[in-house]
Protein chains: 2
Amino acid sequence: MNDIEFWFDFSSPYAYFASLDIEALAVKHGRTVTWRPLLLGRAFQATGMQSLSRTPVRGDYARHDWARLARRAAVPFCLPDVHPIISTMPSRALLWIEDFQLELVAPFAKAVFHAFYIENRDVRELTTVLSLAENVGVRSVWDLELAVTSGALKDRFRQHTEDGVRRGVFGSPFFFVEGEPFWGHDRLPLLDEWLARGGW
Amino acid sequence: MNDIEFWFDFSSPYAYFASLDIEALAVKHGRTVTWRPLLLGRAFQATGMQSLSRTPVRGDYARHDWARLARRAAVPFCLPDVHPIISTMPSRALLWIEDFQLELVAPFAKAVFHAFYIENRDVRELTTVLSLAENVGVRSVWDLELAVTSGALKDRFRQHTEDGVRRGVFGSPFFFVEGEPFWGHDRLPLLDEWLARGGW
């Protein structure tokens, strides 16, 4: 268990920004990243919180903060026309890819984020998700298509989200290292320090 | 205007942790700290959020995070028996001290935080606030007592809180540098970088 669990919802801009940094952070500390998609809307039920975009004042701040983080990262971030979204389709696809071509999980996740936040593409759509999967090298897009529309993968992603909620994931991004929880893009510096010092 | 505005509610543990670091951060960048107390409960009305301690799951995480930050800062932090509180009394006192002995604002604010989070004292009480003020060197505690119970200071603190809310303060701590907003203890590293680079 030498990994950093990276829990996220594709619909979360802060998860996107974290996705730009998390792999370098992991490499720095000799770790790997385990990508854990979940439905944040389900997690919000546990806390009574709601989407940042729909929270007055705080939503304005978040939009300002996202633009600032984008300038810092030198990426042409743009809030998608349709946002937030229910991110089941790319999330289910990620879980399937994890089983069959583990090495493509990170490229696929990053391709989804890029399509959504840079290219303003609707990543809820099956055709978009399949196209992104094919582009990063998924061998059998036909099998993937069958899988993401099957009941088994629906149940698995639902269960996956429930597991996250049960373990205390209430926001995105959310990280665990050896069970230690870190919430938020803005906790990455503390996570970095935690790994460097081996905790405290 | 070469200052860092530090907006906070004495009832916020994250503000306490920020208070331990903010002055060193300001000195590092040749700046001063302007201490701006407000009533977070009023700010919550604008966003529909509520006290961390009263938010399921997220409250558990916050308590874990506070203990972790306390170990990191090597302070004997303990969540007070009565928490959260309505922090009007020490906040009004701070505004009065700002007018008459500006140099005592930081020592007084830190004394209040220390009394609350280390000594578990009830900083809502007039006698506690007056005692803390006297200890840090306030000359006329008698005048302070008259002031904090007067209508003028009540109105002023209320107006002060409204000013913060109008400018978008929705959480504690909250910082401004030349109008640029930073929310949260966990945004201090970004604020540090912003000051070092002169923004971006």
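Biologist: How many residues does the contact take from chain A and from chain B?

Modeller: Contact means heavy atoms within 4.5 Å, and here 31 residues from chain A and 31 residues from chain B take part. This is a predicted model, in which local features need pLDDT of at least 70 and side-chain atom pairs count only at pLDDT 80 or more, while totals for chains, interfaces and linings use all residues. Residues are numbered from 1 along each chain as its sequence is written, chains are lettered from A in the order in which they are written, and side-chain values use heavy atoms, with hydrogens and water left out.

Biologist: What area is buried between chain A and chain B?

Modeller: The size of an interface is often given as the accessible area lost when the parts come together. Buried area (accessible area, 1.4 Å probe, that two parts lose on being put together, summed over both) is about 2900 Å² between chain A and chain B, and carbon and sulfur atoms give 57% of it. In chain A, Y61(A), R68(A) and R187(A) lose the most area to chain B, together 22% of what that side buries.

Biologist: How many salt bridges does the rule find across the interface of chain A and chain B?

Modeller: A salt bridge is a side-chain nitrogen of Lys or Arg within 4 Å of a carboxyl oxygen of Asp or Glu, and the rule finds six across this interface. One of them joins R72(A) to E193(B), whose closest N and O atoms are 2.8 Å apart.
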